[in-house]
Amino acid sequence: MTLWEIPAKNSAQIDALSQALNPAVAARLSEMGFTPGQDVYCLRRSPLQGPLVVQLGDCVYSLERDVANQIHLAHAS
Amino acid sequence: MKRIILVGKPNCGKSLLFNQLTGLRQKVANFPGVTVELKSGQFKEFELVDFPGTYSLHTLSKDEEIAVVKLKEAMQQENTAVVVCVLDATRMERSLVFGLQVQALAKAHDKTVVFVLNMIDEVRRYGFDIDTTQLADELGSPVFALSAKTLIGLSEFQKALPEIARQPEQYRNEQSAIAPENALIVARELSKNHGVNADVVLKKQNRIDSFMLNNVFGGVAFLFIMFFLFQSIFTWATPLMDAVEFAIGELAVWVTGFTGEGMTTDFLSDAIFGGIGSFLVFVPQIMVLTLIIGVLEDSGYLARAALICHKPLSYFGLSGRSFIPYLSGHACAIPAIMAARTIESPRKRLFTMMTIPLMSCSARLPVYALLIAVLIPADATLMGIFNLQGVAFFGLYLFGIVTALLVSFFLHKFTHQHDEKSDMPFILELPTYRLPHWKPLMYRVVNSGLAFIKRAGPVIFWVSVVIWVLGYFPQHGGLENSYLGKIGHFIEPIFEPLGLDWRYGVAILMSFLAREVFVGALGTLFGIEGADENISGLAENIQADGLALGAGIGLLLFYVVALQCVATVAVLRAETGKARIAAGLVVAYGLLAYIIALLAANLIN
Ligand SMILES: Nc1nc2c(ncn2[C@@H]2O[C@H](COP(=O)(O)OP(=O)(O)O)[C@@H](O)[C@H]2O)c(=O)[nH]1
């Protein structure tokens, strides 16, 4: 399962970033806190497959589908 | 002079802190080489330099890269005494990831780092506090907690910073820097021990977002805010624009009073005051626009607007961040093209910049007003409800926007991505909603006016002089017999298929100064003095002269599409870094405009 598939108002734990990601983007995502073991909470999903909004640690981020699809989740909870 | 440099992530309050430390006397710092905007100001005996906010030292976008390269250069310079790293105390973990990168970089260059935990007022309001002594110990650098807004802790910092900058060596510890791969873990540890509970801090923000991003209410709020922005550019800016016009007119009368009759006076009143004046009237509008966008940005709404627009715009190869530049383009393309700098992906930024000139800027407004008055009777309605003139105005705006989206769509579909770095994904941090502070806003507003004058002024000056010379000599027989008139007659065959005679050709040529010059030029050619104030008189003359409906509509659409503004071309060249793109756009939009006008002239009758 990837972050893109997480329903609104659900939490999950990040498993890994996909190898397919551009290394610069992957590095930025890690700095933003998208690291293995980190909990994420999905605040909202936008209509028409628009960017999703997640809370991670002390920040709220919005990611578009192409990125969110590259973030693998361990399990939803 | 010894220098202190200020770094921080966007939205940490760095601009406000900079303003509080330096007052309003600041200038754009002059660093040799690349043009990244560094503000500098005087703080005690030091020069304080504000670096553009970057999210990380590992860069994604071109702009970030330039900023980081500059930062590294500054770190190497002898006279850089201290690096002040501003952190958002409400977001310790993320701030510290950046802070530790800065600290490591500074250590590598033997520079001293001072951390500022800004926003401490909010931390206290949530009922937390931060033990700066303990944190300074663990970080191995001085730490100050303060609020740039409520000024808590600011005077202590103002006392301590000069001490540190005078003897920076004493505030550097010998601890080795934290390795980059450990920075994430260390930041997490530190923020767990010292930071505040994220859920408490984010609660208010998330509650507001549940409205502002709501599918229904959020959309309505968005439209409302954008309508307000649009209104402000046109209605509130108008009195200011009139005032500038009036002042320039008075100045012209006063100055030419000394020079008497003759060529000097004609040159001064037409080329200098007339030409430059027709360009200076846009300054207030640009300042009003900057003010509103500044308020939206500092309050945190701009990030939400980008989020809302991202999906629809992505169908056309654009980003959510393209929206504001597009909207600004309805005032003037020049600040709009500069505003496209915030777009994360170089490719999307390029498409945005290339299509901004299609937005109906306010210089086109008088042209639209004149031609619509010629073509459509004032009392005509559409289906008995809508005023047809109004509908036509709206249609022209829409035509520009739709053309821009289509052009961007085709660029997106039929050009190749050169490398991976040329298209970055949309990743956005949603900042906390905050009340903006007037000081940094003031600076931005004034600066936007100055930047516009500096960017466009020289070009406008030369175009104005050239057009004046061509229209003034040889000195007999008025505009018709001038060089410009001759050129008009010479190129008449080009405009003939569009149903336009040489007079329109001359007026179009003169529009290269600024499009609204078209009205005054036609006025001269149709024998109406002061046509700018007397549009209906000129419209009657043109009607009597006979302008075919198809030719008129074609001319209107020509003005929507053609890239006639020399100042915009100059800015496009500077911002894309490629003369080829700017020149290509002039040709491409010129051809497209011509074809559309040709079709209109021949199909509509
Ligand atoms: N409550 C509070 N707000 C602040 C403080 N410092 C800055 N702000 C606000 O935070 C927003 C972002 O500040 P700004 O200086 O533009 O941040 P920059 O992006 O780092 O330059 C603005 O609305 C400021 O008014 C502070 O110490 N406390």
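In this predicted model, the lining of the second largest cavity has 8 nonpolar, 3 polar and 6 charged residues, where Ala, Val, Leu, Ile, Met, Phe, Trp, Tyr, Cys and Pro count as nonpolar, Asp, Glu, Lys and Arg as charged, and the others, Gly among them, as polar. Of its 17 lining residues, B:Lys9, B:Pro10, B:Asp88, B:Arg91 and B:Glu429 are closest to the centre. Strand 5 (80-88) and helix 3 (92-108) of chain B each give two or more residues to this lining; helices (H or I, at least four residues) and strands (E, at least two) are DSSP runs numbered from the N terminus.

A cavity is a set of points on a 1 Å grid over the protein atoms alone where a 1.4 Å probe fits but cannot get out, and lining residues have an atom within 4 Å of a point. Points are joined across faces, edges and corners, and a volume is the space filled by probe spheres set on them. The count comes to 4 cavities of 30 Å³ or more.

| Cavity | Volume | Lining |
|---|---|---|
| Largest | about 170 Å³ | 14 nonpolar, 3 polar, 1 charged residues |

In chain A, strand 1 (residues 11-17) and strand 2 (residues 39-44) pair in the antiparallel sense over 3 bridges, pairing requiring at least two DSSP bridges. A:Tyr41 is the bridge partner of A:Ser11, and A:Gln55 in strand 3 is that of A:Tyr41.

Residues are numbered from 1 along each chain as written, with chains lettered from A and ligands numbered from 1 in written order. Local features need pLDDT of at least 70, side-chain atom pairs count only at pLDDT 80 or more, and totals for chains, interfaces and linings use all residues, while side-chain values use heavy atoms, without hydrogens and water.

Notes:
On a 1 Å grid over the protein atoms alone, a cavity is a set of points where a 1.4 Å probe fits but cannot get out, and a pocket is an open set with protein on both sides within 12 Å along at least five of seven lines; lining residues have an atom within 4 Å of a point.
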